[in-house]
Amino acid sequence: MRILMIHLKDIKYWAVEEAIENPPDPPSKFEGNECVAGFISVEEGDTPDLSHEAASELAQHANRFKLNCIVVYPFAHLSSSLAEPNRAVNILKSIEDELKKMGFTVNRAPFGWYKGFSITCPGHPMCELSRTITSPKGPFYIKDSNKILIKEAIENKIFDNSVLNNPWDNDSIGAQEKFGILSDGINSIGRYVINSLIEWFNYKNNIENVSIYSGSHKEIYGIDGLSSTIKSCLDMGRYVKDQSIVIQGLIPGSEIMILPFKTDKSKFNDMINELMNGIINDTIEIASSSQSGFNIPYDIDYDLDLILYKSRNNGLVLLGGFGNVRENSITFIGPIRNIASSLIDYGLKMADKGKTPSLPFWLSPYQVAIIPVKETHEDYAKEIFNEVFSIGIRVYYDPPGKSLGTRIRAAGKSWVPIIAVVGDKEKESSTVNLRKRWLQGSQEVLQLDEFYNELKMLRSQSPFNRPISPPVS
């Protein structure tokens with residue numbers, strides 16, 4: 001919006017002929033003196049919320065000269081990018097109403113008419129001012145119909161300031177790297193984790209056919225990430241009808257799933273909690289819409305409930321949400337990278353409390369580690385490795401180049417669910433010594449047949465199973 005504000009000694013205008021078909025205002029004329037006139041071009045993209053700022057600028061200019069009369073004059077010649085007539089006249093009417101509320105006598109010249117006018121300007125240095133008023137890019141927080149910037153909302157403690165924090169501490173970053181989720185992307189192990197989560201969410205929601213599109217999200221953390229992710233969901237969610245889609249962002253692993261139905265909070269929470277029991281207790285819910293709560297400027301109405309994980313480092317990470325975009329009901333899940341990282345981060349919270357963290361057996365990139373004690377046990381260990389691999393279990397073999405303790409700790413740091421150690425006793429008795437991650441601190445010895453049968457049972461309980469390479473070092 002562009003405004004030329006002039007202190008006028010006198011002004012006279014009159015409607016001459018229609019400038020557009022069916023102008024929204026009737027023809028009129030006006031004569032006045034000692035006024036401030038605002039010659040205004042309403043531009044494409046201007047929104048009604050700019051009316052208050054425009055009225056405030058006109059009011060300040062009038063108050064400089066202790067004037068009570070203001071003329072709102074449509075003036076298309078200040079811009080080459082004009083708003084469509086209905087939007088323009090509504091914004092001009094809103095400016096008129098705002099000024100009247102402030103106590104000014106206001107005359108608004110008719111919109112959509114060619115007008116003749118004459119003015120006399122006193123010519124003092126402060127007589128003329130121009131202003132360009134544009135919408136802040138946002139995001140905003142809307143409370144009681146008042147739109148305020150997020151910074152102000154945080155300062156007034158009506159929006160959680162944790163969203164500004166870096167979500168991951170160094171320990172969390174290090175643990176995520178073990179799962180291939182790197183600060184500058186993802187490796188093959190990370191890609192396995194991301195794809196497995198996508199498949200699992202499809203499985204949980206009975207989704208079969210999925211289309212893949214490019215999304216607009218360039219960030220996934222903080223205010224910018226929240227805004228970028230929501231916009232990407234709105235861009236595609238408005239078109240989702242019968243088929244689920246996956247939108248890919250510029251950050252590797254930041255895929256977002258959009259399902260063509262609205263789930264409820266309990267079902268969404270159950271899905272996340274099934275991945276790692278208890279994680280949902282460390283989440284918060286934030287409303288985001290075109291009318292209230294966290295808001296990004298958008299050209300259609302939307303109403304979403306967002307679920308965010310509060311990290312070990314006291315930051316907020318978006319896991320997904322559900323609601324309506326235009327007439328469409330949607331559920332969105334992701335960015336998937338956020339979910340994977342949050343599971344790992346929550347695992348570290350469990351470790352802080354003395355509990356051993358673990359991912360579901362099916363999601364673990366490597367499910368079994370075969371570790372011989374010495375070189376003399378390698379042949380026996382490799383026989384076990386080959387059999388476990390033939391069952392369809394993701395297994396790796398760690399040869400005795402380093403100490404036994406070092407190799408066991410390496411498997412533990414990678415959250416491998418089952419560590420199978422073989423030495424003299426195991427070789428002589430055709431057994432394995434097992435450490436099961438979900439049975440904290442325990443060890444057990446099983447006959448090989450018992451071991452293989454247990455692995456077959458675990459595999460049968462998995463929603464899917466795929467190989468992965470390269471092996472863990």
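Contact means that heavy atoms lie within 4.5 Å of each other. The structure described here is a predicted model. The salt bridges found in the whole structure number 16.

**Helix 5 and helix 7**

- Two packed helices are described by the angle between their axes and the distance between the axes.
- For helix 5 (residues 188-204) and helix 7, the axes come within 12 Å and the crossing angle is roughly 135°.
- Angles over 145 degrees count as roughly antiparallel and 65 to 115 as roughly perpendicular, and the two helices are therefore oblique to each other.
- The crossing of helix 5 past helix 7 is right-handed.

**Salt bridges**

- Glu 57 and Arg 131 form a salt bridge, and their closest N and O atoms are 3.2 Å apart.
- This pair links distant parts of the chain, with Arg 131 in strand 6 (residues 128-132) and Glu 57 in helix 1 (residues 51-64), 74 residues apart.
- Arg 131 has a relative accessible area of 28% and is partly exposed, whereas Glu 57, at 16%, is buried.
- Another salt bridge joins the side chains of Asp 171 and Arg 312, with an N to O distance of 3.7 Å.
- Asp 171 belongs to helix 4 (residues 170-178) and Arg 312 to the loop between strand 16 (302-310) and strand 17 (316-325), so this bridge ties together parts that are 141 residues apart in sequence.
- The relative accessible area of Arg 312 is 25%, and Arg 312 is partly exposed.
- Lys 265 and Glu 285 also meet through their side chains in a salt bridge, at 2.9 Å from N to O.
- Here Lys 265 lies in helix 7 (residues 265-275) and Glu 285 in strand 14 (residues 283-289), 20 residues apart, and the pair links distant parts of the chain.
- Lys 265 is partly exposed at 38% relative accessible area, and Glu 285 is partly exposed at 35%.

**Single residues and their contacts**

- Asn 205 sits in the loop between helix 5 and strand 11 (210-214) and counts as buried at 8% relative accessibility.
- Apart from neighbours within four places in sequence, Asn 205 is in contact with Leu 259, Phe 261, Lys 267, Met 271 and Ile 333.
- Between Asn 205 and Leu 259 there are 54 residues in sequence and 8.6 Å in space, C-alpha to C-alpha.
- Ser 232 is part of helix 6 (residues 222-237) and is buried, with 1% relative accessible area.
- Leaving out neighbours within four places in sequence, the contacts of Ser 232 are Gly 215, Ser 216, His 217 and Ile 247.
- Leu 404 is in helix 10 (residues 404-413) and is partly exposed at 28% relative accessibility.
- Beyond neighbours within four places in sequence, Leu 404 is in contact with Ile 371, Pro 372, Val 373 and Val 421.
- Leu 404 and Ile 371, 33 residues apart in sequence, have C-alpha atoms 7.8 Å apart.

**Backbone details**

- A cis peptide bond runs from Gly 334 to Pro 335, with omega near 5°.
- Pro 335 is in the loop between strand 18 and helix 8.
- Asn 314 is not a glycine, yet has a positive phi of about 60°.
- Asn 314 lies in the loop between strand 16 and strand 17 and is partly exposed at 37% relative accessibility.
- Trp 415, a residue other than glycine, has a positive phi near 60°.
- Trp 415 is placed in the loop between helix 10 and strand 21 (418-422) and is buried, with a relative accessible area of 5%.

Terms used: Residues are numbered from 1 along each chain as its sequence is written. This is a predicted model: local features need pLDDT of at least 70, side-chain atom pairs count only at pLDDT 80 or more; totals for chains, interfaces and linings use all residues. Side-chain values use heavy atoms; hydrogens and water are left out. A salt bridge is a side-chain nitrogen of Lys or Arg within 4 Å of a carboxyl oxygen of Asp or Glu. Helices (H or I, at least four residues) and strands (E, at least two) are DSSP runs, numbered from the N terminus. Buried means under 20% relative accessible area, exposed over 50%, partly exposed in between (1.4 Å probe, protein chains only). Axes are lines fitted to C-alpha atoms, for helices over the stretch in contact, and angles run from 0 to 180 degrees between N-to-C directions. Angles under 35 degrees count as roughly parallel, over 145 as roughly antiparallel, 65 to 115 as roughly perpendicular and the rest as oblique. A crossing is left-handed if the near helix is turned anticlockwise from the far one by less than a right angle, and right-handed if clockwise.
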